[in-house]
Amino acid sequence: MQQSIFGTNSQNLLPFEGESYLYSGFFTKTQSDRFLKVLVKELAWQQEPIWMFGKQVMQPRLTALYGDADKPYGYSGISMKPLDWTDELLEIRDLVRQHIGVEFTHVLCNYYRDGNDSMGWHRDNEAVLGKNPSIASVTFGATRIFQMRHHATKNHKIEIPLTHGSLLLMTGQSQHFWEHQLPKTKKVNSPRINLTFRKLI
Ligand SMILES: O=C(O)CCC(=O)C(=O)O
Ligand SMILES: [Fe+2]
């Protein structure tokens, strides 16, 4: 049984100008163990290059994009063509959709092999996501610290441990006013999978 996002355990983690909610035990341990195992094995993981300061560098993680449409989804100077939903990704999408009420069209999958893999500061604010996108972020595997900070001031940094089976919803003005990252850590040497469900308009 999934926890309702309208339950009493949800409170806005952002102090102002956006809304983000964490549902720690959204998936059961049994579900989470199964999804971690299957997704590591079955998704079409690739290490993609991105452009940074005029140079091409490899991303410090593996990624895969799945979704409805045959339309490419570009970010950070790369364009990815979505693959067709797998059974497990559809199952997870439907559980998340049931509770958030958003018809997600795509899921960007990230595979952090260990604490050396990471994602730098960014906002998910591409025009194709619309003005105030709701992004649902699901984690299986190692707990990693997810950081958010106010984009304009770089102040008000908050740290959110994203545990096995957790769901983080970033919504409202979050992607306009707040940026986020997943820093490297020496404390983790096991894998983590993160799925960010998005609705392209
Ligand atoms: O791995 C995470 O928790 C963050 C992923 C993320 O920010 C993204 O895919 O845009
Ligand atoms: Fe992001």
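The model is predicted, so local features need pLDDT of at least 70 and side-chain atom pairs count only at pLDDT 80 or more, while totals for chains, interfaces and linings use all residues. Residues are numbered from 1 along each chain as its sequence is written, with chains lettered from A and ligands numbered from 1 in the order in which they are written.

Glu179 lies in strand β13; strands here are DSSP runs of E with at least two residues, helices are runs of H or I with at least four, and both are numbered from the N terminus. Leaving aside residues up to four places away in sequence, Glu179 touches Trp121, His122, Arg123, Arg149 and His151, where contact requires C-beta atoms, placed from the backbone, to lie within 7 Å. Asp94 is 85 residues from Glu179 along the chain, and the two C-alpha atoms are separated by 27 Å.

Strand β13 belongs to an open sheet of four strands, ordered β8-β13-β10-β11 and paired in the antiparallel sense; two strands pair if DSSP finds at least two bridges between them. At the edges stand β8 (119-122) and β11 (158-162), each with a single partner strand, so one side of each has no neighbour in the sheet. Ignoring direction, neighbouring strands of this sheet are turned by 20° against each other on average. Strand β10 (residues 144-150) runs antiparallel to β11 and is joined to it by five bridges, and Arg144 stands opposite Leu162 in β11. The loop between β10 and β11 holds Lys154. Its phi is near 60°, a positive value in a residue other than glycine. Lys154 counts as exposed because it has 10 C-beta neighbours inside 10 Å.

The other sheet described here is also open and antiparallel, and its six strands follow the order β1-β12-β9-β14-β7-β4. Its edge strands, β1 (19-23) and β4 (62-67), each pair on one side only. From one strand to the next, the twist averages 15°. Five bridges link β1 and strand β12 (residues 166-171) in the antiparallel sense, and Ser20 has Met170 in β12 as its bridge partner. Two helices pack on this sheet. Helix α1 (residues 29-42) touches β7, β9 (135-141) and β14, and its direction makes about 90° with that of β9. Helix α2 (residues 87-100) touches β4, β7, β9, β12 and β14, with its direction at about 130° to that of β9. For these angles, axes are lines fitted to C-alpha atoms, for helices over the stretch in contact, and values run from 0 to 180 degrees between N-to-C directions.

Towards β9, six bridges join the antiparallel pair, and Ala136 stands opposite Phe197 in β14. Strand β14 is mostly covered, with six of its seven residues buried. Thr196 also lies in β14, but it counts as partly exposed because 17 C-beta neighbours fall inside 10 Å. Not counting residues up to four places away in sequence, Thr196 touches Val107, Leu108, Ile135 and Ser137.

In an unreviewed entry, UniProt places the feature "domain: Fe2OG dioxygenase" at residues 103-201. The end C-alpha atoms of residues 103-201 lie 11 Å apart, and the span is 4% helix and 48% strand.

Definitions and conventions. A residue is buried if 20 or more other C-beta atoms lie within 10 Å of its own, exposed if 12 or fewer, and partly exposed in between; C-beta atoms are placed from the backbone. UniProt positions are given in the numbering used here, feature names are shortened, and annotations may be inferred rather than shown by experiment.
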